[in-house]
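Please read it with the model open.

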Amino acid sequence: PLPKAYVTRRVQDAGLGLLPGRVEFEVWEKTVPVDREVLLEKASQVQGLLCTLSDRIDEELLARCPGLKVVSNYAVGYDNIDVEAATRRGVLVTNTPDVLTNATADIAFTLILASARRVVEANEFLRSGDWVTWHPDLLLGQDVSEAVLGIVGMGKIGRAVAKRAAGFSMKILFFNRSPRPDMEKELGARQVPLDELLRESDFVSLHCPLSAETKGLIGERELRMMKKSAILINTSRGPVVDQKALYRACSEQWIWGAGLDVFEKEPVPLDEPLLSLKNVTTIPHLGSATIRAREGMARKAAENLLAALEGRKPADLVNPEAWKE
Ligand code: GLV
Ligand code: GLV
């Protein structure tokens with residue numbers, strides 16, 4: 001008989017189309033995330049799960065799913081999965097790197113430019129009839145060209161952002177857990193301690209994964225170190241930033257503003273104070289939201305799922321320790 005899988009969202013056909021005939025599968029068809037109870041029930045009956053960052057794959061779920069062999073995440077980040085618990089139980093975990101690198105770097109750069117040049121605020125200004133005359137002081141922003149860009153987390157996406165920044169003649173600093181002399185060389189960038197990056201950067205852009213180490217990485221202390229003219233960009237994961245501290249930083253002008261694609265809680269509640277600030281530009285977790293990136297993610301998620309279920313080593317294995325020949 002074919003192996004069984006549960007798919008927690010209707011992902012693109014580029015991926016789902018690979019499954020018929022190779023796996024017996026069911027898809028959660030609603031646009032809201034699958035209910036926890038349904039997920040627990042469905043996952044307990046299958047060998048493979050193709051899930052998204054809305055689904056919490058934790059010890060409780062894994063304990064109830066002894067037949068589970070693989071959790072294929074349709075995302076590059078996998079902070080929604082307890083990888084340690086999965087590894088302990090021999091469950092393979094996979095993600096979708098590479099295919100979303102450019103799209104995510106593009107959205108980071110979009111937020112850099114939009115925040116610096118106040119694009120969203122200006123759009124609202126014009127449409128509300130406030131534009132009475134061209135004026136030398138109207139909606140002045142910050143220069144992106146020749147500014148200092150501080151990249152926190154020099155992985156694939158951080159590197160792609162740095163390459164874009166080179167076209168704007170930006171000076172690049174970066175902070176990374178392990179030394180990356182190769183990146184210094186390739187990008188003409190300088191690896192520095194986080195505090196130095198915060199003090200010297202005009203734009204600080206976050207590209208680290210969310211982990212115990214990076215949760216709350218940018219809090220009051222860090223925001224107070226930044227320049228008054230600086231802009232914080234977050235396209236990584238919301239909890240990397242202390243959102244309450246960021247509200248104070250932006251409302252009391254410790255920093256100039258922020259551009260955010262991710263939030264501590266998603267969807268961000270409409271009474272979140274940050275949403276009341278003109279110097280904060282917000283978009284709803286769209287980093288990988290291009291047609292090409294999402295098709296690539298669907299394809300990878302399906303291929304990783306199939307590989308694991310058919311006894312082959314998946315290309316994007318997050319926990320190789322769990323792999324047994
Ligand atoms: C999206 O946030 C991802 O991790 O792919
Ligand atoms: C502005 O539009 C200028 O021409 O300087």
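The numbered points below take up the domains, their interface and the ligand site.

1. The model is predicted.

2. At the interface, five residues of domain 1 touch four residues of domain 2. About 410 Å² is buried between domain 1 and domain 2, and carbon and sulfur atoms account for 56% of that area. Of the area that domain 1 buries against domain 2, 71% comes from Leu53, Asp79 and Pro97, more than from any other three residues.

3. The rule finds one salt bridge between domain 1 and domain 2. Arg237 and Asp79 form a salt bridge through their side chains, with an N to O distance of 2.8 Å. On the side of domain 1 that touches domain 2, the residues divide into three nonpolar, one polar and one charged.

4. Around ligand 1 lie Leu53, Ala75, Val76, Gly77, Leu100, Arg237 and His285. By class, this shell has four nonpolar, two polar and one charged residues.

5. Which polar atoms lie 2.8 Å from an oxygen atom of ligand 1? One is a backbone N or O atom of Val76, and another is a polar backbone atom of Gly77. His285 places a polar side-chain atom 2.6 Å from an oxygen atom of ligand 1. Ligand 1 alone exposes 190 Å², of which the protein buries 90%.

Key
Residues are numbered from 1 along each chain as its sequence is written. Chains are lettered from A and ligands numbered from 1 in the order in which they are written. This is a predicted model: local features need pLDDT of at least 70, side-chain atom pairs count only at pLDDT 80 or more; totals for chains, interfaces and linings use all residues. Side-chain values use heavy atoms; hydrogens and water are left out. Contact means heavy atoms within 4.5 Å. Buried area is the accessible area (1.4 Å probe) that two parts lose on being put together, summed over both. A salt bridge is a side-chain nitrogen of Lys or Arg within 4 Å of a carboxyl oxygen of Asp or Glu. Ala, Val, Leu, Ile, Met, Phe, Trp, Tyr, Cys and Pro count as nonpolar, Asp, Glu, Lys and Arg as charged, and the others, Gly among them, as polar. A residue is near a molecule or strand if one of its heavy atoms lies within 4 Å of it. A polar contact is a pair of N or O atoms within 3.5 Å; within protein, one must be able to donate a hydrogen and the other to accept it, and residues adjacent in sequence count only if both atoms are side-chain atoms. Accessible areas come from the Shrake-Rupley method with a 1.4 Å probe; for residues, only the protein chains shown count as cover.
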